[in-house]
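Subject: Handover of a structure and notes on its helices and loops

Dear colleague,

Please find below the structure that I am handing over to you. My notes on it follow directly after.

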Amino acid sequence: MKAAGVMSADAANAILLPVLDDLRAVCDFGPVTQDLTQLPDVDLLVTGWGCPPITGEVLARLPSLQAIVHTAGSVKGFVTDACWERGIVVSSAAQANAIPVAEYTVAMILLSGKRVLERAREFKAVKRIDHYEIPLTVGNYGATIGILSASMIGRRVIELLRPHDVHVLVHDPFVTEVDGAESVSLTELFQRSDVVSVHTPLLPETRGLVSRELLGLLRDDAVLINTARGAVVDQDALASEAGRIRAVLDVTDPEVLPAGHPLWRNDNVLITPHLAGSQGNEWGRLARHAVAEVRRWADGKPFQTPVPAERRERIA
């Protein structure tokens, strides 16, 4: 079996380089490039961040191509309708990438419940401790956590929350029952939750889904966490509500907010640089997942984590 890689040089160095020998032990693994015109005809592509769209014109130069193994999450940006129409089988590392996102989310839920960052900032200023000044609203015992979308990451967050003394709500228009969570309406999710964590994909119908009206339903001092896509949240509305509620944003729209944006200046808002997904040693998980999928394909087995063609309109 012949294979090649398509991704940016940075992605190749971070993810593929450490496992090149493993890939070459499984197949005849050729070049890694971001230039689709330089690809030889191969049976399988290993793709990653920076992969350009694989169009019908590209496919015409790759008559042998049967499968794509993606070393990151979403394939929406480069697996075109032409790929699906040709019947190319696609695997994604979305499940592997969901693990650190869910871990980040749970960490932020627990830290925000204890108001860790705010209290650390205050402690640095006053250098005094008085535990009995802490309001009874601080803490995670009995907190209500709302999960917006029973996506792969949303479900993983619900699973990781099980050992904690919290009550979990979930809203997903396509799912009526999720183990470990109470399914509720979108309005009820925002009315009842102490923390709402956003895990919905960015689709035309979800752009601006977390609206001014929904944010207004959150109780004072509630927390909004967004690790999905920045455009799912109405950021102007959030900026106006952020004196009343708190927010943890790992994604924004645009990805880096303008220097003068009010969310930068608000002490109730923590903005992190899109770090929840796989980074550093976590890239190794993506790499090992890709090697395992290539090995399965070489052995004539189906992918462990395929992306169904019928779900292409709703994937993140």
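Throughout these notes, contact means heavy atoms within 4.5 Å. The model is predicted, so local features need pLDDT of at least 70 and side-chain atom pairs count only at pLDDT 80 or more, while totals for chains, interfaces and linings use all residues. Residues are numbered from 1 along each chain as its sequence is written, and side-chain values use heavy atoms, with hydrogens and water left out. Helices (H or I, at least four residues) and strands (E, at least two) are DSSP runs, numbered from the N terminus.

Helix 5

Helix 5 covers residues 94-113, which makes 20 residues. From its first C-alpha to its last it reaches 28 Å, close to the 28 Å expected at 1.5 Å a residue; the expected span is 1.5 Å times one less than the number of residues.

Serine 112 belongs to helix 5 and counts as buried, at 7% relative accessibility. Leaving aside neighbours within four places in sequence, serine 112 is in contact with Val195, Val223 and Arg246. Helix 5 is followed by arginine 115, whose phi is positive, near 55°.

Packing of helix 5 against helix 7

Helix 5 packs with helix 7 (residues 152-161) at an angle of about 50°, and their axes are 8 Å apart. Axes are lines fitted to C-alpha atoms, for helices over the stretch in contact, and angles run from 0 to 180 degrees between N-to-C directions. The two helices are therefore oblique to each other: angles under 35 degrees count as roughly parallel, over 145 as roughly antiparallel, 65 to 115 as roughly perpendicular and the rest as oblique. The crossing of helix 5 and helix 7 is right-handed; a crossing is left-handed if the near helix is turned anticlockwise from the far one by less than a right angle, and right-handed if clockwise.

Among the residues of helix 5 that meet helix 7 are Ala98, Ile99, Val101, Ala102 and Ile109. On the side of helix 7, the residues include Met152, Ile153, Val157 and Leu160. The residues of this contact divide into 12 nonpolar, two polar and two charged. In this classification Ala, Val, Leu, Ile, Met, Phe, Trp, Tyr, Cys and Pro count as nonpolar, Asp, Glu, Lys and Arg as charged, and the others, Gly among them, as polar.

Packing of helix 5 against helix 12

With helix 12, helix 5 packs at an angle of about 160°, the axes being 9 Å apart. Helix 5 and helix 12 are therefore roughly antiparallel to each other. Helix 5 contributes Ala96, Asn97, Ile99 and Pro100 to the contact, and helix 12 contributes Arg285, Leu286 and His289. By class, this contact has four nonpolar, two polar and one charged residues.

Helix 12 and its surroundings

Helix 12 has 16 residues and reaches 23 Å from its first C-alpha to its last, close to the 22 Å expected at 1.5 Å a residue. Its buried residues are covered by elements including helix 1 (9-16), helix 2 (20-26), strand 3 (44-47) and helix 5. Alanine 290 is placed in helix 12 (residues 283-298) and counts as buried, at 1% relative accessibility. Not counting residues up to four places away in sequence, alanine 290 touches Val69 and Thr71. Just after helix 12, glycine 300 takes a positive phi of about 80°.

Alanine 276 lies in the loop between strand 12 (269-271) and helix 12. Alanine 276 counts as buried at 3% relative accessibility. With residues up to four places away in sequence not counted, alanine 276 touches Pro100, Val101, Tyr104, Thr227 and Asp250.

Backbone features in the loops

Most residues other than glycine have a negative phi, and most peptide bonds are trans. Lysine 127, in the loop between helix 6 (116-126) and strand 6 (143-148), has a positive phi near 50° and is exposed, with a relative accessible area of 65%. Aspartate 221 has a positive phi of about 75°; its place is the loop between helix 9 (212-217) and strand 10 (223-226). A cis peptide bond, with omega about 5°, joins aspartate 253 and proline 254. Proline 254 is found in the loop between strand 11 (246-249) and helix 11 (262-265).

Yours sincerely

Notes
Buried < 20%, exposed > 50% of the residue type's maximum accessible area, 1.4 Å probe, protein only.
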